[in-house]
Amino acid sequence: MKKRLLQSLVVVLVVFNVVVGVRVYQAVGAQEKDDAGYANIAVFARAMQLIRQDYVDEKKVTYEELTHSAMRGMLGNLDPHSQFMEPKDFKGMQDDTNSRFGGLGIVVAQRDGNIVIVTPMEDSPGFKAGLLPNDQIVKINGQSTDKMDQSEAINQLRGDPGQKVTLTILRPVTKEIKDFTITRENIKVASVKDAKLLSADLGGDFKVGYARITQFNVPTAEELGKKLDDLQAKGMQAFILDLRYNPGGLLNSAVDVCGQFLPPKTLVVSTEGRVASQSRQYRTADTVKPRPRFPLAILINGGSASGSEIVAGALKDLNRAILIGETTFGKGSVQSVIQLQDGSAMRLTTAKYYTPSHTVIHEHGVAPTIRATLTPDQERLLMMQRRDEAGIDPDHKELANFRDTQLERAVDALKGVMIYADKTGGPKKASAN
């Protein structure tokens, strides 16, 4: 009798505290004006009381267990990027932020209930092992991913450097299921790669520069600037920036990369949320190195996410670049980490990114100016080509006849721009930014 009385008292206190909190919140100007919240909170409190009272396994019904389970469900139902973190998970996230973490170097997402590889980062263990975009992770160390959410899968993939992890992969194109045993490493990826003037076979009479950014790190914009200086010194007339399979990285780095092609103080991206503090604008630096306004093309695909989408969306909106390829991934939201009283935390989506024309990126992606697709086999060969260039598992025979048709389409588009400028008497190199 005393136990039931105590349970009822706890429920009453929970409901009372929530109701008081809601009334205080309303008093300072909250928009919620109906009383539906009270009734639903009462339903939740009643359900918790019944579970604690009648559920067969008493060890599973502590207030902490039930509250944390409810939080996981609440946040997991909002979007793939919001999540609840137990105290130990929150501490682990802080450790990752303050130091390099061990992992496989693969970016994953949840699609139709499957854990799917969006892209393996170049030079990472996953990239070297031969993992491909769109591979489905069926098992991690023998444990099925059927009931795993994205955050749980990421936690399983991360670990101490030097440890091995076995992934069971389903490759949708071939229907092949294969195990990959990969050793975790500290992930550190070079961000600007393969900067060069394209061969005459591609560029023809024009000197077309090329470079790809694998992800946006602190030194990325500076590295890209040096590569552009070198290419300009060699007489570059147009430039292709390859952002395919680039999962993003640091926001400020993406903004600084835009500063290599735009005037000072140009709006690149903005964020907006329900709370005024989430509304911000990000612009290029007050002073940027002036460059000729050479024709610019950007290669994008479904593996281009976050920072890549910010760069592509801004340069497209501002008529500074043409985009070639496929619509990007559509990850354009801001997550705020909010610590709770018991040491746990919420990662909550609080704002969305908008391009300069106020187009939302999240769940829509950035559409190309000129659509050009690769077949699954061409994508496989492109990744193989990148491994071959890095000296990993070269197979020159299979690559002998490979054509990167998206790159070819970008070159053709830039040639058209330059030929038109010549025909109309326009300058080959327009004024600097």
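In this predicted model, the structure holds 17 salt bridges. One of them joins Glu 122 to Lys 193, with the closest N and O atoms 3.7 Å apart. Glu 122 lies in the loop between strand 4 (114-120) and helix 5 (125-129), while Lys 193 belongs to strand 10 (residues 192-197), so the pair ties together parts that are 71 residues apart in sequence. Both Glu 122 and Lys 193 are buried.

Lys 193 also forms a salt bridge with Asp 123, and here the closest N and O atoms are 2.8 Å apart. This pair again links distant parts of the chain, since Lys 193 is in strand 10 and Asp 123 in the loop between strand 4 and helix 5, 70 residues apart.

The residues described so far belong to a network of salt bridges, in which Glu 122, Asp 123, Lys 193, Asp 194, Lys 196, Arg 212, Asp 242, Arg 244, Arg 386 and Asp 404 are linked.

In one of them, the rings of Phe 239 and Phe 261 have their centres 6.2 Å apart and their planes at 25°, so the pair is stacked. Phe 239 is in strand 12 and Phe 261 in the loop between helix 9 (251-258) and strand 13 (267-272), which puts the two residues 22 apart and makes this a link between distant parts of the chain. Phe 239 and Phe 261 are both buried.

Phe 261 forms an aromatic pair with Phe 294 as well, and this one is edge-to-face, at 6.4 Å centre to centre and with 85° between the planes. Phe 294 is placed in the loop between strand 14 (280-283) and strand 15 (296-300), and Phe 261 in the loop between helix 9 and strand 13, so the pair ties together parts that are 33 residues apart in sequence. At 1% relative accessibility Phe 261 counts as buried, and Phe 294 is buried with a relative accessible area of 2%. Through these ring pairs Phe 239, Phe 261 and Phe 294 are linked into a cluster.

Charged groups also meet rings in this model. The charged end of Arg 320 sits over the ring of Phe 294, 5.5 Å from its centre, and Arg 387 lies over the face of Phe 127, at 5.9 Å from the ring centre.

Which residues touch the most other members of the largest nonpolar core? Of its 38 residues, these are Leu 224, Phe 239, Phe 261, Ile 298 and Val 311. At least two residues of this core come from each of strand 11 (208-213), helix 8 (220-233), strand 12, helix 9, strand 13, strand 15, helix 10 (307-317) and strand 18 (345-354). In soluble globular proteins, nonpolar side chains tend to be buried together.

Val 56 is found in the loop between helix 2 (36-54) and helix 3 (63-76), and Val 56 is exposed, with a relative accessible area of 79%.

Most residues other than glycine have a negative phi. Asp 112, although not a glycine, has a positive phi of about 55°; Asp 112 lies in the loop between strand 3 (106-111) and strand 4 and counts as exposed at 80% relative accessibility. Glu 363, likewise not a glycine, has a positive phi of about 65°; Glu 363 is placed in the loop between strand 18 and strand 19 (370-371) and is exposed, with a relative accessible area of 62%.

How values were computed. Residues are numbered from 1 along each chain as its sequence is written. Side-chain values use heavy atoms; hydrogens and water are left out. A salt bridge is a side-chain nitrogen of Lys or Arg within 4 Å of a carboxyl oxygen of Asp or Glu. Helices (H or I, at least four residues) and strands (E, at least two) are DSSP runs, numbered from the N terminus. Buried means under 20% relative accessible area, exposed over 50%, partly exposed in between (1.4 Å probe, protein chains only). Rings of Phe, Tyr and Trp (its six-membered ring) pair if their centres lie within 6.5 Å; planes under 30 degrees apart count as stacked, over 60 as edge-to-face and the rest as tilted. A charge sits over a ring if NZ of Lys or CZ of Arg is within 6 Å of the ring centre and within 35 degrees of the ring normal. A nonpolar core is a set of buried Ala, Val, Leu, Ile, Met, Phe, Trp, Tyr and Cys residues joined through side-chain atoms within 4.5 Å.
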